[in-house]
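Please read these notes with the structure open beside you. Each point takes up one topic.

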Amino acid sequence: MIRKIIKIFLLLGFLGIFLGIGSVVGVFYYYARDLPKITSLKDYHPYTVTEVFANDGALIGRFGLEKRKIAPIEEIPELLKKAFIASEDSRFYEHQGLDFFGIARAMVKNISARRIVQGGSTITQQVTKSLLLTPERKFKRKIKEAILAYRIEKYLSKDEILFIYLNQIYLGHGMYGVEMAAQRYFGKKTRDLNLAEMTIIAGMPKAPSNLSPITHPERSAARQRYVLGQMLEHKFITREQLQKALLTEVVLVSRADPSSKTPYYTEHVRRYLEKKYGYDQLYKEGLQVYTGVDVAWQQAARIAIDQGLRDLAKRRGFRGALQRLINAQERDEFILKLKKERENLPDAGLVEDLYSQALVLEIDDKKKNVILDLGGHQALLDLKDMEWARRPEADGTRYPRAKIKKPSAALETGDVVLVRIKKVSGEVVPEIQVSLEEAPEAEAALFALEPKSGLVRAMVGGKDFKASEFNRAIQSRRSPGSAFKPIIYSAGLDNGLTPASIFLDSPIVYKDGGDDWSSAWKPCNYEQKFYGPTTVRQALIHSRNLVTIKMLRQVGIRKVINYARKLGFTSTLNADLTLALGSSGVSLMELTTAYGVFANQGRLLKPVFVKRVEDRHGEILEEREGVAVVGLELSSLLPPDSEPVISPQTAYLLSSMLVDVVKRGTGRRADRALKRPLAGKTGTTNDYFDAWFMGYAPQLVTGVWVGFDDLKPLGRHETGSRTACPTWIDFMKVALADLPPENFTVPAGIVFANIDEKTGLLAVPESEKTIFECFKEGTVPTELSQPVSPEELEESLFQEN
C-alpha cells in the first residue's frame, strides 16, 4: 500500500515537473514569437549630439534629440566600468542575463527595509528595456525582457553589452552616456575622471533627477558613498582608495549653454546645417562642425554693441523711472526682493560694472547727489553721473549736450531706476558709487569678415538673442545711405572716371513728367550747401550726395545695378537715381561682403561660416580649402573659389579714397582711435532711421548698423559717424590688437601724379592746393592746370554735367 502511494506521489511529482517545464517552455515560445530582433545591437547606432566648435576649438553649440557622445569601450576607464557594475549588477560577469541570486537578494533587502532599496535587473536587462522594449510596467514585458536578456548574452560579449549600456544610459539633465555626463558635470572626458567623479556618475542611474550632483548634492554624496562601499565590498578598490575618493574635492562645471557665447552665429550655423543635411542628420547623427568664429572677438562685438546702444539711449534722453513706489510697504517689499535676488550672485551682486535696479531713498540738490538702496546696501549717485538725464524732446530726441543742473530735475523719492555699479570700497560696510543708466531701445548688428578667406570671424544680430532671435546682420534689409556710395564710385572708376575727375556740386531737380513741379525730387547735400567743382576723391571723402547722383546718371543705373551684383548683392536694388543715396534695402552681410572685395584686391569671397563638417565616424562631409580647421591665425592662402570681380587697380583706387574718408572725412573718429591704415565709409539715411559704419584694414572687414526695428528716428545728428562708428572702433581695437598694421598693397598698373585739386589736372607751380593722386596706367591727365576763375570752371563743368 505504502509503495503504491509513493509511486502515485512520484508519478504526480514527475507529472508536475513535466507540466511545469512544459508551461515554462510554452510561455517561452508564446512570448518569444514576436520579439524584436537583437541583431541590430551588433551595429549599435544611437542618436548622438552634433557639436559646433569655434575657430580655436572651443565648443559653441550642441544640437541633438539626445545629448550623447559615444565613448569606445577601450577608452572607458576600468574603475568607471567597475563602479557601474558594483552599484548596478555586481554579478555581471557571472550570470547569463538573469541573476536569480541577485533577484532573491534584492527581495530580501526590500522586504527587510519595507521599501524598494535595491533592484534585481541586470545590466543586460537594462539594455534590453532601453533599446528593444517599451517602458510599460506589465508582467508580459518582464517575461520578454528576460528572454531577450538571455538571447543577448548568447549573441554579444560582456564588453559589447557594457559598451552599449554605458553609452545608452540616461544620466540626468538631458545627458545620455558616460561621456556626455563627464563633460556636463565635470568638464572632462571619461578617461580623465578621478574615482570620486566616477562614483558620482555611477550612482545616478537609479534616479538621475533625484541623485544629480547639481540639484541634489547631499543625495548625490550619499549615493556616491554607497557606490564606493559596493566597490570595496567586491574588492574593486582598496580602503585607501575609498578614503581618498571621499576626501577629493569635486568641482562641478558651469551649466551655461555653450551657444550663449555666440548665439546669433551658432543659430545661423544650425539653420545652414539643417537646410543642407536635413533634420535627422543634424539632430541624430552627431556631426562635428568647425566654424570660423573667434569667441574673443564675438565677445568684444557684443560688448561694443551694448556700450554703443547705452550711449545712444543716454543721448536720446531719460525716459523716466522704471516705476514709482508711493507707500512704505511697497518700498520695503521691493528692497526685500532685491536683497533675495542678490543672495545668489557672487559677492552679493556688489561687483563693479554690474547693472542693477535701485530705489531712490533721498535726493539732495545742495550736495548734488542721490542716495539709493540696492537691496540692503545704500549707494551714492553724484550729479555728474546722471547729468545726461534730460527729458527727451517731443519727437523722442534731445540735444545731446544738454545737461540737468540738479538731481531733482530727473528723479523723485520712491523712483525705481537702472544703475551701474561704478566703484565698491570699504571693508566692513561697502561704500558704493553708481551711475544712472538707461536701457537701450534701439537695435544694432555687427558683421566681421576676413577678406582673404571669406571666413566670418564675428557676427552679432541684435542686442539680446533671448529677447529676439531675428538676425539683423543677415535677415534684415535696411537702407545703407551713403555707405552704398563706394559701390557707385567703384563702378565709375571702371567706366572712365579717375579720383581726379571733376563734377559740379550744384542744385539738381528731377520730376516724373508733366508740368507739375510740386512733387519734384530736389536732392541736397547733408550740410544743405553746394560746393561747386569737386574731384571724385573729395566727393567721396565728404559724402557729397549731388556729385554721387550725377555720377550714377553718367555711368548708368542698370550698369551700376549689374556692377553691384558682381560684388555680391542679391537684394532688390531700386532702379532709379535714389540708388545713389543708398535707398535700397540691403543686408549688413551683403554690404560687408562688397567692402571685402575692395579689401581683397578685387576678389569676391562669399561669407563662410563653416570650415569643415565631419560625420560621427570622422568622415569629411564638407571642407573649406585653404584654411586651417582649428587655428587662431588669420588665413593667408587664397581659397580656390576666390573670384576676381573687379580689377586690383580699381580696388586699390577705391580703397585709397576710403582711406582718406577715415583720415580727413566722416570716418575721422576711427583714424584718431586706432592710428593705423584703415579704409571706411559712414552711412546715414533720411530722418536718421539708420546709421552705418563700414570699414576695413587689409586683414579684416567689419560693418556696423544701428537703428530701430520699427523705423523710428534715432535722433537729431545720430549719424553713422556718431552712432555706428564708436561701436566699430571698440570692436576693432580688440580684433586688430594682435595684428600688425599693414598698408594697402599697391598693385602693378597703378601710377601716381601731382594733381591740382581744384581742376583735377596736372599741377603747376601756381597751383594753390595739390595732391599726389593715384591713377590706373594710361588715365593720368595730360593737360597742365591753367589759372581759371571759379565762375569759369563752374560754367565749363555745367556744360559737361
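How many salt bridges does the structure hold?

1. The structure holds 44 salt bridges, a salt bridge being a side-chain nitrogen of Lys or Arg within 4 Å of a carboxyl oxygen of Asp or Glu. This is a predicted model, in which local features need pLDDT of at least 70 and side-chain atom pairs count only at pLDDT 80 or more, while totals for chains, interfaces and linings use all residues. Residues are numbered from 1 along each chain as its sequence is written, and side-chain values use heavy atoms, with hydrogens and water left out.

2. One of the salt bridges joins the side chains of E75 and R191, at 3.9 Å from N to O. Because E75 lies in the loop between β3 (67-68) and α2 (78-88) and R191 in the loop between α7 (177-186) and α8 (195-202), the pair ties together parts that are 116 residues apart in sequence. Helices (H or I, at least four residues) and strands (E, at least two) are DSSP runs, numbered from the N terminus.

3. R223 also forms a salt bridge, with E88, and their closest N and O atoms are 3.7 Å apart. This pair links R223 in helix α9 (residues 217-233) to E88 in helix α2, 135 residues away. Both R223 and E88 are buried, where buried means under 20% relative accessible area, exposed over 50%, and partly exposed in between (1.4 Å probe, protein chains only).

4. Helix α15 (residues 485-493) is largely enclosed by the rest of the structure, because nine of its nine residues are buried. Among them are K485, Y489 and L493.
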